[in-house]
Amino acid sequence: MRSLIDISELSVGEIEALIDKAEAIMESPADYADKCRGRKLATLFFEPSTRTRLSFEAAMYELGGNVLGFSESQSSSAAKGESVADTARTVSCYADIIAMRHPKEGAPLVASVNASVPVINAGDGGHNHPTQTLTDLLTIKREKGRLTDLTVGICGDLKFGRTVHSLISALSRYEGVRFILISPAELRIPGYVRDGVLKKNSVPFEETTDLDGSIPSLDVLYMTRVQRERFFNEEDYLRLRDSYILTAAKMGAAKSDMTVMHPLPRVNEIAYEIDSDPRAAYFRQVMYGKFIRMALILKLLEIE
Amino acid sequence: MKIDAIKDGIVIDHITAGRGMTLYNYLGLDALDCTVALIKNVSSSKMGKKDIIKIDADFGVDTDVLGYVDPGVTVNVIKNGEIVEKKKIELPEILNGVIRCKNPRCITSTEHSLPQRFRLTDPSGPVYRCVWCEARAKTDFDNK
C-alpha cells in the first residue's frame, strides 16, 4: 500500500506515467467511467478548499466511485479533540483511499503512518501539495508540449507558497529548466529550497524583485497569491499583498506563447482582463487537476 | 585540583570546552543522586582545552544527545576501576525525543503525543529537520 505525501516520493518515470494516464483519460473518459465502481474516497478537509476538494470528488465520481468526508474541521471529531492518527484509523474502516488537507504541517504524514488505506496529501499548511504539483506539470506538458528546456518565472509569495516549493522541486529534475524567482525581499524562497534543491542540483536560477524586466524571457509565468492565512501579522499581509499585479500592459512584453498559470484562488494578482488572453491557462489548469487526480487514484488503488 | 577516579560509571571525555554545561542539562544529570563531576577547561594536548563529565553510577547515557550537542566526544564505561568500553560518538542520523520542533505550524505543536523526531539532512551543517514538517531544528547553542 502506498501513499503520496511529498512529490519527491514519485520518480520522474512515475510522474510521466501519471501524465500519460491523465492524457489517456482525457482522450477517452468513457473507458475509465467504471474503474472505481464500489470504491470510496474519503475527503478529510480540515481547512477550506474549493478546487482541491471538488476536483478530488469529481475525479472519484468520474471513475465510478463514491465519496464521503467533511469539508471543515468543525464538522468532524477533530472539534472534540480527536487526533489525526485516530481519525485516519477510523476512516480506514469506511473508505478505500483518503485525501487529506490540514492546516498543520505533517498531518497527512501522520495519517499515512496510521491509516490502513492510501493517503493523499491534499495540502498541509505551507508545506506540501503534491497533487497541485502534478496538476502544474500536466498543465505545462499540455500547454508547452514538454517539461524540458523551459524558463519558468514564479512570482509572488515564494516563502509560504507550498505549491511553489513542490513545483521547483519537481521541475528541477528536468533537463534545461531555468527559474526566475520574482518576489518581494520578505517573501523570497526559503533556504531549504534555494540550497537544498536548486544549488544542490546545480539548477540555474535568479532571484529578483522585478516582474516587468523578467517577463520577456519567460516560457511560463506562474503567479501566486499572497496568502492571508500564512501571516501571523495582518500588517505584514496588507503591506505585501499588492506587490505584483499582472495586467494586459505587462503581458504586452511577454512572448506570444508564454503560458500564464496560477494555482487559484486569485485575489487581485491577475487582472480579469487577462482571462480572455489565450495565454491564460489557469482555468484549463483547473480542468487538468481533475484528470491527474483520476490517474493518481487509479495508481494508488493499483487499478490498471 | 583533584577529582577521585570512579569505580563503576561513565566518563564523557573530549567535550568541546564550554559545552559541558549544555551536555549536563541535555542529559538531565541534575536529576541524578550519585556523584557527578563537571570539570571545565581541562588542559588537552589535542584540543587545547576540553570539558569532562564523570558520573559515578551505571548510567545509560543517551548517545543521541551526546552526538547532537557535541559530536566527537568519547564515552568511557568504567567497571571495577577499569575502562571496559570506549565509544567515539558521531552525529546521529535520527534524533528521538532530544529536541522539540519549534515550528508553530507543525502538527506536533497541537498533537503532543506524537514523537519528536528529527532527521539529519546535512552533516556539514549539521542540519536536522523535523520528520513531520521538515522545519530546520533550531539549537540554543553553537553546534558547529
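Buried residues make up 46% of the 304 residues in chain A, where a residue is called buried if 20 or more other C-beta atoms lie within 10 Å of its own, exposed if 12 or fewer do, and partly exposed in between, with the C-beta atoms placed from the backbone. In chain B, 31% of the 144 residues count as buried. This is a predicted model, in which local features need pLDDT of at least 70 and side-chain atom pairs count only at pLDDT 80 or more, while totals for chains, interfaces and linings use all residues. Residues are numbered from 1 along each chain as its sequence is written, and chains are lettered from A and ligands numbered from 1 in the order in which they are written.

Among contacts in chain A between residues at least 6 apart in sequence, 77% join residues at least 24 apart, two residues being in contact if their C-beta atoms, placed from the backbone, lie within 7 Å.

The secondary structure of chain A comes to 11 helices and nine strands, where helices (H or I, at least four residues) and strands (E, at least two) are DSSP runs numbered from the N terminus. Four of the strands of chain A form an open sheet in the order 2-1-3-4, with parallel pairing; two strands are said to pair if DSSP finds at least two bridges between them. Strand 2 (66-70) and strand 4 of chain A stand at the edges, each with a single partner strand, so one side of each is left without a neighbour in the sheet. On average, neighbouring strands of this sheet are turned by 15° against each other, direction ignored, where the axes are lines fitted to C-alpha atoms, for helices over the stretch in contact, and angles run from 0 to 180 degrees between N-to-C directions. Within the sheet, strand 1 (residues 40-45) of chain A pairs with strand 2 of chain A in the parallel sense over five bridges, and L41(A) has V67(A) in strand 2 as its bridge partner.

Helix 6 (residues 162-171) of chain A is largely enclosed by the rest of the structure, because 10 of its 10 residues are buried. Among these buried residues are R162(A), H165(A), L167(A) and L171(A). What covers the buried residues of helix 6 includes strand 4, helix 5 (130-144) and strand 5 (150-155) of chain A, as well as strand 6 (177-182), helix 7 (191-199) and strand 8 (220-223) of chain A.

Chain A can also be read as domain 1 (33-128) and domain 2 (130-286), with bounds that come from an automatic or database domain assignment. The centres of these two domains, taken over C-alpha atoms, are separated by 27 Å, and the contact takes eight residues from domain 1 of chain A and eight residues from domain 2 of chain A. On the side of domain 1 that touches domain 2, strand 4 (residues 119-124) of chain A gives the most, with four residues.

Chain B has two helices and eight strands, and from the N terminus on its elements run β-α-β-β-α-β-β-β-β-β. The domain assignment of chain B gives domain 1 (9-88) and domain 2 (94-130), whose C-alpha centres lie 24 Å apart. Strand 6 (residues 94-96) of chain B runs antiparallel to strand 7 (residues 117-122) of chain B, and three bridges join them; here the bridge partner of L95(B) is F118(B). Strand 7 of chain B also pairs with strand 8 (residues 127-130) of chain B in the antiparallel sense, over four bridges, and a hairpin joins strand 7 to strand 8 through four residues.

Where the two chains meet, 12 residues of chain A are in contact with 12 residues of chain B. The largest share of the side of chain A that touches chain B, three residues, comes from helix 4 (residues 107-114) of chain A.
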